[in-house]
Amino acid sequence: MMMMMKKVSNCGVAVCAVVLVAVVMMEVAHMAEAVTCNPVELSPCLGAITNSSPPSSTCCQKVREQRPCLCGYLQNPTLRQYVNSPGSRRVSTSCGVPFPTC
C-alpha cells in the first residue's frame with residue numbers, strides 16, 4: 001500500500017512539472033508575439049483624436065495593441081504632445097484602455 005501511494009505521489013509531481021513547463025512555454029510564446037512599437041499604427045485614431053468623433057473599432061484595437069508602447073511614446077518629446085492631448089485621453093477612455101501613468 002505504501003509503495004502504491006509513493007508511485008501515485010511521484011506521478012502527481014511529474015504531472016505538475018509537465019503542467020508548469022507547458023505554462024512557461026505559453027508565456028515564452030506570448031512574449032515572442034510582442035508588439036512592435038510604431039506610433040503610425042495609431043493613425044486610425046487620428047480623426048477621433050482631432051475632431052472629437054467617436055473612435056472606430058479599428059482605432060480601439062490599435063490602442064489596445066500599442067498600449068505597452070504608450071509610456072515610450074510619452075517619453076518621446078516629439079510624440080508626447082499628441083499622446084498626452086485631451087483627445088488622446090478621451091479616445092483611450094472611450095476604448096476602455098487606462099491611460100498610462102509612467
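1. Start with Ser-52: this residue is exposed, at a relative accessible area of 55% (exposed means over 50%, buried under 20%, and partly exposed in between, with a 1.4 Å probe and protein chains only). Ser-52 sits in the loop between H2 and H3, where helices are DSSP runs of H or I with at least four residues, numbered from the N terminus. Its phi is positive, about 65 degrees, although Ser-52 is not a glycine. Most residues other than glycine have a negative phi.

2. A word on what you're looking at: this is a predicted model, in which local features need pLDDT of at least 70 and side-chain atom pairs count only at pLDDT 80 or more, while totals for chains, interfaces and linings use all residues. Residues are numbered from 1 along each chain as its sequence is written, and side-chain values use heavy atoms, leaving out hydrogens and water.

3. Next, have a look at Ser-56, in the loop between helix H2 (46-51) and helix H3 (57-66). Ser-56 is partly exposed, with a relative accessible area of 34%. Its side chain reaches the backbone nitrogen of Cys-59 at 3.0 Å. The C-alpha atoms of Ser-56 and Val-91 are 9.6 Å apart, with the two residues 35 apart along the chain.

4. Now the largest nonpolar core, which has 15 residues (such a core is a set of buried Ala, Val, Leu, Ile, Met, Phe, Trp, Tyr and Cys residues joined through side-chain atoms within 4.5 Å). Val-63, Tyr-73 and Val-91 have the most contacts inside this core. H3, helix H4 (70-75) and helix H5 (77-83) are the elements that give two or more residues to this core.

Terms used. Polar contact = N/O pair within 3.5 Å; in protein donor to acceptor, adjacent residues only side chain to side chain.
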